[in-house]
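Dear colleague,

Please find the sequence and the structure below.

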Amino acid sequence: MDECRRLVRPLGASRRPAARRADRFACGCAICAALCRVVLALVLALAAPCAESEPFAQGLLWRLDKPGVPASWVFGTLHSNDPRVRALPVPVAHAFSQARTFAMEIYWSETEDEQFYEAMQFDDDRRLVSLVGDEVYSRLQQELGSAALPEEALARTKPWAALLRIATTRGTGDGPTLDRSLFVAARERRMTMLGLEWLDEQVAAFDAIPIETQIALLRHALDHRTELEAQIEPTILAWLDRDLAALASINRAAAGDDPDLRRHYAVLTQQLVANRSVLMAYRLFLPLKRGRVFVAVGALHLYGANGLLAQLRAQGYRPRRIY
């Protein structure tokens with residue numbers, strides 16, 4: 001059993017096995033990819049006006065040095081299966097080859113995948129259509145198309161889960177993402193595997209988003225499909241340029257001048273980026289003391305005064321840009 005699975009707590013039996021079998025994500029990595037497509041398409045719209053003044057604005061691969069501790073590395077990934085993204089640069093491949101531990105955002109088995117499906121649905125009397133209205137609900141069904149759930153399951157789906165499903169249907173096709181490719185390579189090398197987030201913690205991050213924010217972002221995603229999809233290529237190009245400041249300013253106009261929408265985006269940013277970066281730094285505290293860890297997390301987690309690199313610097317490490 002992969003060592004990272006030890007981080008996942010035992011789970012109880014499913015409450016709706018028939019519905020679960022009808023719709024099961026292929027693996028946890030598909031959820032992570034969908035999550036980060038949502039973050040990149042939506043959260044990036046809230047870049048600070050002076051993004052260039054933020055620390056750690058340029059660079060994807062950083063070496064962590066600390067006296068008496070073997071070096072480790074932090075790599076900011078893009079959860080994409082675009083061939084340009086999956087082609088590992090030489091400095092990154094070299095750092096990966098020197099590491100003995102591979103740390104990724106989250107990894108779960110089929111059992112945890114089933115539990116995530118359960119967590120995507122209300123377990124009370126709330127129904128999606130009553131929250132978003134008939135018109136939005138109908139558009140969601142059309143958007144999902146052949147990927148739509150059975151009516152009973154879709155009716156119970158939480159708004160944040162519907163947002164993830166939209167992102168999943170708008171994926172870039174088949175093939176592993178960069179993160180998945182790194183995971184497979186690490187497993188083949190028999191590296192120690194470390195998950196930085198537990199399943200219930202990721203669910204808690206989504207559930208902590210106020211229901212009115214979930215609904216507002218779902219409506220916005222349905223209303224602005226073309227604009228959001230148009231940001232995929234600029235996002236890839238900014239990542240290839242190793243420009244984290246550009247990543248944090250792409251699509252700034254998406255929220256427009258609507259203060260309510262910008263407020264909803266700010267909540268999403270706090271829950272899915274800032275809070276999770278804090279958790280990642282906490283989970284890395286002991287592994288980094290042993291050194292030779294290769295950390296692969298979404299590039300947004302690296303950027304800024306409150307990002308993962310800044311938090312690791314506060315722990316006494318000296319981040320040095322390698323690539």
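Please note that the model is predicted. The protein chain contains 17 helices and 6 strands. Of its 323 residues, 54% are buried. The accessible surface of the protein chain amounts to about 14000 Å², with 52% belonging to carbon and sulfur atoms. Among contacts between residues at least 6 apart in sequence, 85% join residues at least 24 apart.

Helix 12 takes part in both of the contacts described here. The axes of helix 12 (residues 211-223) and helix 16 (residues 259-290) come within 9 Å and cross at roughly 110°. Because angles of 65 to 115 degrees count as roughly perpendicular, helix 12 is roughly perpendicular to helix 16. Their crossing is left-handed. On the side of helix 12, the residues involved are Glu-212, Thr-213, Ala-216, Leu-217 and His-220, and these meet Leu-261, His-264, Tyr-265, Val-267 and Leu-268 in helix 16. By class, this contact has 6 nonpolar, 3 polar and 1 charged residues.

The second contact concerns helix 7 (residues 134-144), whose axis comes within 11 Å of that of helix 12, with a crossing angle of roughly 55°. Helix 7 is therefore oblique to helix 12. This crossing, too, is left-handed. Val-136, Arg-139, Leu-140 and Glu-143 of helix 7 make the contact with Arg-219, Leu-222 and Asp-223 of helix 12. The residues of this contact divide into 3 nonpolar, no polar and 4 charged.

Yours sincerely

Notes: Residues are numbered from 1 along each chain as its sequence is written. This is a predicted model: local features need pLDDT of at least 70, side-chain atom pairs count only at pLDDT 80 or more; totals for chains, interfaces and linings use all residues. Side-chain values use heavy atoms; hydrogens and water are left out. Axes are lines fitted to C-alpha atoms, for helices over the stretch in contact, and angles run from 0 to 180 degrees between N-to-C directions. Helices (H or I, at least four residues) and strands (E, at least two) are DSSP runs, numbered from the N terminus. Angles under 35 degrees count as roughly parallel, over 145 as roughly antiparallel, 65 to 115 as roughly perpendicular and the rest as oblique. A crossing is left-handed if the near helix is turned anticlockwise from the far one by less than a right angle, and right-handed if clockwise. Contact means heavy atoms within 4.5 Å. Ala, Val, Leu, Ile, Met, Phe, Trp, Tyr, Cys and Pro count as nonpolar, Asp, Glu, Lys and Arg as charged, and the others, Gly among them, as polar. Buried means under 20% relative accessible area, exposed over 50%, partly exposed in between (1.4 Å probe, protein chains only). Accessible areas come from the Shrake-Rupley method with a 1.4 Å probe; for residues, only the protein chains shown count as cover.
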